[in-house]
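Thanks for making the time this morning. I would like to walk through one structure with you, moving from a single residue out to the contact between chains.

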Amino acid sequence: MTARRTEILYRICWTVALLLLAVPFVFPFLWMISGGFKSTTEIFGTPTLIPRIWRFENFVEVFTYQPFARQYFNSLYIAATVTVLTLFIASLAGYALARIRFAGAGLLMLFLVMALMVPEEVTIIPNFFLIRAMGLIDTHWPLVLLPVFGPQGVVATFLMRQFFLALPKELEDAGKMDGLSRFGVWLKIALPMSRPALAAVAIITFLHSWNLFLEPLIFLSSLEKFTLPLALSNFNDSYGLPLWNLQLAATSLAVVPILIIYLIAQRQIIESFALSGVKG
Amino acid sequence: MAGKAFRDNAARAAGAPWLTLKTREMLEAWLFVSPTLIGFLIFFLGPLVAIFYYSTTEWNLLSQQATFVGLRNFHNVLLENPDFWHVVRNSVIFALGLVPLNMALALSLALALSRPFFGVVFFRTVFFAPVVTSAIAWAIVWKFMLQGEGGAVNQMLAWIGINGPNWLREPNWAMAAVIVTRVIKMVGLNMILYIAALQSIPRDYEEAATLEGASRWQVFRMITWPLLAPTTLVIMVLTTIGSFKVFDHIYQMTGGGPENGTLVLAFYIYQQGFKFFNVGYAAALALIMFVIVMALTLVQVMLRRRDME
Amino acid sequence: MTKVLLKDIRKNFGTVEVIRGVDLEIEDGEFVVFVGPSGCGKSTLLRLISGLEHISDGELHIGGRLVNEVPAARRGVAMVFQSYALYPHLTVRDNMGFGLKVRKVPASERARRVSEAAATLKLEPLLDRFPRQLSGGQRQRVAIGRAIVGNPDVFLFDEPLSNLDAELRVHMRSEIAALHQRLSTTMIYVTHDQIEAMTLADKIVVLRDGRIEQVGSPRDLYDSPRTIFVAQFIGSPKMNILPLADGQPIALGASVPATATSVGIRPEHLSLGQPSNSTLRGKVGLAEYTGAVTLLHVALDGGQTCLVIHNQGPAPETGAEVGLRAEPGHLHFFDKEGRAV
């Protein structure tokens with residue numbers, strides 16, 4: 001009886017501790033949304049979680065202060081493009097590395113591991129000059145090219161490779177016997193069976209691109225080309241001080257949809273990150 | 001040899017493809033990896049080699065001319081400019097603060113949340129939520145909450161009678177604030193890696209130890225912790241490298257300030273390269289960062305190898 | 001006319017040679033079984049014939065055509081895999097029709113051939129199910145159906161029954177035998193199970209370390225094994241091999257060839273007799289009663305253990321002194337290299 005009571009007590013203590021610990025993880029989101037509805041005066045007054053006056057105009061001004069709708073769209077289509085391209089390129093390379101014995105595979109793997117570990121900050125200077133030489137400054141090209149071929153693309157390649165390695169090889173042999181080419185085996189057998197891996201790659205790649213900051217900061221200069229993170233950091237007055245209520249309203253608009261998707265698909269999303277981390 | 005040549009001819013005559021199956025397979029493989037390979041050469045290996053070149057030049061902004069200056073950039077970085085050592089100090093403090101805090105918290109959370117019980121999914125979802133949030137958004141909200149006057153954090157502290165500092169305006173507090181908010185942002189990732197590792201440990205070990213009378217702490221100390229060692233090593237290296245890469249968080253929360261109190265390596269490279277246009281100097285910094293990251297990776301590989309023996 | 005001809009076939013992975021020169025002729029319509037212990041190269045040899053592995057050296061002819069460099073799908077062969085290798089994302093119908101679809105066979109023709117094959121194998125009720133909804137035996141049958149649909153010149157089977165339980169294995173074995181009788185197509189079958197080999201084969205190929213040890217009909221191999229290896233591999237329980245030491249009273253009335261150093265005798269060809277008037281004497285160490293027969297482990301006076309199948313009357317107690325009698329016509333003599341003499 002006492003053992004059971006200790007167990008219950010133990011659990012209650014844990015739960016209370018976890019609840020307290022959860023505050024700094026949850027509160028910022030609530031505070032962000034609440035701040036987005038406040039007026040400038042209320043922002044600097046004594047703070048309350050529920051705004052005394054709900055100022056919905058903030059969410060209109062967000063769109064008039066800078067081309068926020070356009071910027072939102074930029075982030076969306078860039079992330080989608082990066083995701084599709086990464087899925088294609090990474091699954092091709094991952095397949096070859098997992099399944100075809102070819103001279104040079106080992107060396108290629110070694111280089112890719114290196115690319116995985118080296119931060120973008122190391123190569124960003126030469127890449128800037130390269131992009132400039134290509135005449136692609138202030139375009140979205142570098143925001144597509146650098147992530148697809150950078151460390152994030154390598155993560156995707158390794159994830160796909162890992163998954164392909166675990167697929168039963170006899171299925172692909174059967175495909176070859178049935179007359180498929182290498183490409184056919186990849187497209188018609190390996191890919192349809194890799195949906196979990198493709199979903200994981202899609203999730204982490206999309207989020208990575210969506211949250212990308214250094215590259216947009218360096219390559220973009222016109223407001224209507226900005227992506228979301230860059231736009232968010234740009235809600236400042238003429239003195240460079242943040243326009244808190246607008247900034248928080250815009251941040252809510254950027255973060256809440258992702259959070260909702262996360263809450264719906266949390267299991268799948270968390271697993272995707274676990275997969276990509278384990279292999280690293 | 002003659003026999004083989006004859007066979008090849010015969011094979012061709014029989015309608016077989018011109019290339020041997022083996023050669024074809026090889027070509028196919030390279031075709032499959034070619035997009036990755038080409039991108040890798042252009043956007044990674046090329047630039048990596050190029051920073052060696054850039055780091056030995058001085059860039060003239062007006063004429064767009066590069067002058068070869070040998071090792072002077074390194075001389076400047078390491079000996080002339082006191083900023084560099086200040087930045088290294090900041091980066092080390094940042095790493096020393098972030099890595100242990102992150103890992104200890106991640107492991108504690110994982111231990112609490114690796115077994116099914118009421119609320120596990122809720123808590124996992126909560127602790128992981130900042131990971132999927134953009135670093136800029138996270139930094140914006142925390143900067144808002146950490147204002148000296150009217151900030152939510154100080155307001156809460158006031159309830160329990162503490163007069164909070166102006167967090168982001170004092171160098172030491174700013175560093176602490178940046179570390180803690182970064183830990184909260186990223187701890188969920190390490191937490192799920194630990195949970196995955198914990199769940200792959202067979203329960204038999206713990207049950208056997210419990211039957212032999214081991215306490216919870218002994219089970220952890222003697223069984224769980226040693227079995228987690230490979231995971232701990234990977235997490236430690238990844239988190240350390242991650243701490244040297246931190247950029248957007250610093251950019252948005254403090255901009256490297258106050259008084260360069262949170263000026264860390266990645267931000268310093270950005271500042272030198274893209275704000276002050278000291279391209280050669282920034283390239284030298286990038287090269288130093290490359291060496292640090294490679295060294296950390298090597299340490300991990302070596303430790304892992306020793307582990308396996 | 002689909003003869004399969006292997007001329008000095010070799011295969012190496014890196015520096016390891018796994019197939020070391022195999023010469024073999026397989027007649028049209030023959031059922032050939034490759035058998036041998038694991039690692040002997042039997043599956044590799046099958047994969048070389050299928051085209052799933054490249055041949056390092058030698059010539060492979062199928063139906064009179066040199067096919068070394070012909071891709072797998074154009075060799076006119078079909079393969080049934082150990083794990084069945086059914087595409088999990090396709091129905092049984094689509095699995096069976098997949099190869100035809102790839103080869104651009106028109107849909108109507110495809111449907112006809114799939115339903116024909118399904119009728120042959122009684123698969124009609126399963127056509128719209130997915131592989132995960134099938135039992136092991138059903139999957140096996142679908143895998144065979146997929147091979148039939150392509151109407152190949154040669155069927156290849158890679159240990160097709162090893163994932164089934166014992167009862168189903170016996171059943172599917174007879175189905176495959178019936179299939180061969182009906183189609184009379186050339187079939188090449190790989191197994192490590194010598195009973196499967198004996199029951200199915202027209203011709204058995206015993207492989208060892210990448211080389212052919214012996215080729216022959218099941219009866220050939222059983223009656224006149226050319227080496228100790230084959231002698232012990234074919235037949236169950238294993239043949240007893242006893243050394244022909246000086247003075248060992250084993251000749252049992254037969255004439256012993258001069259170069260022979262050991263003699264083999266199958267357990268089923270030994271019978272019990274009185275210790276006093278037998279040439280071999282020993283003590284019963286273990287008696288395994290299986291119902292029909294009793295398998296006796298007899299520890300001979302010379303120190304070896306000898307297996308005896310006893311099927312007449314009650315078996316002797318453990319520890320009993322027994323004498324053994326062998327039928328002279330069933331003795332196999334081997335020289336010191338292990339070759340039959």
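A:Val26 lies in helix α1 of chain A, which covers residues 2-36; helices here are DSSP runs of H or I with at least four residues, strands are runs of E with at least two, and both are numbered from the N terminus. This is a predicted model, in which local features need pLDDT of at least 70 and side-chain atom pairs count only at pLDDT 80 or more, while totals for chains, interfaces and linings use all residues. Residues are numbered from 1 along each chain as its sequence is written, chains are lettered from A and ligands numbered from 1 in the order in which they are written, and side-chain values use heavy atoms, with hydrogens and water left out.

A:Val26 has a relative accessible area of 31%, so it counts as partly exposed, a class that sits between buried, under 20%, and exposed, over 50%, with a 1.4 Å probe and protein chains only. Together with A:Leu30, A:Leu49, A:Ile50, A:Trp54 and A:Phe56, A:Val26 forms a nonpolar patch on the surface with about 570 Å² of accessible area. Patch members have over 30% relative accessible area and no salt bridge, with nonpolar side chains (Val, Leu, Ile, Met, Phe, Trp, Tyr) joined within 5 Å and like charges within 9 Å; the areas come from the Shrake-Rupley method with a 1.4 Å probe, and for residues only the protein chains shown count as cover.

Is A:Gly94 buried or exposed? With a relative accessible area of 0%, A:Gly94 is buried, and its place is in helix α4, residues 68-99 of chain A. Leaving aside residues up to four places away in sequence, A:Gly94 touches A:Thr157, A:Met160, A:Arg161 and A:Phe164, where contact means heavy atoms within 4.5 Å.

Turning to the two chains, the contact takes 84 residues from chain B and 85 residues from chain A. B:Phe32, B:Phe43 and B:Phe144 supply 11% of the area that chain B buries against chain A, more than any other three residues. Between them the chains bury about 7800 Å², 81% of it on carbon and sulfur atoms, buried area being the accessible area (1.4 Å probe) that two parts lose on being put together, summed over both.

There are 3 salt bridges between chain B and chain A, a salt bridge being a side-chain nitrogen of Lys or Arg within 4 Å of a carboxyl oxygen of Asp or Glu. A:Glu7 forms a salt bridge with B:Arg216, with 3.2 Å between the closest N and O atoms.
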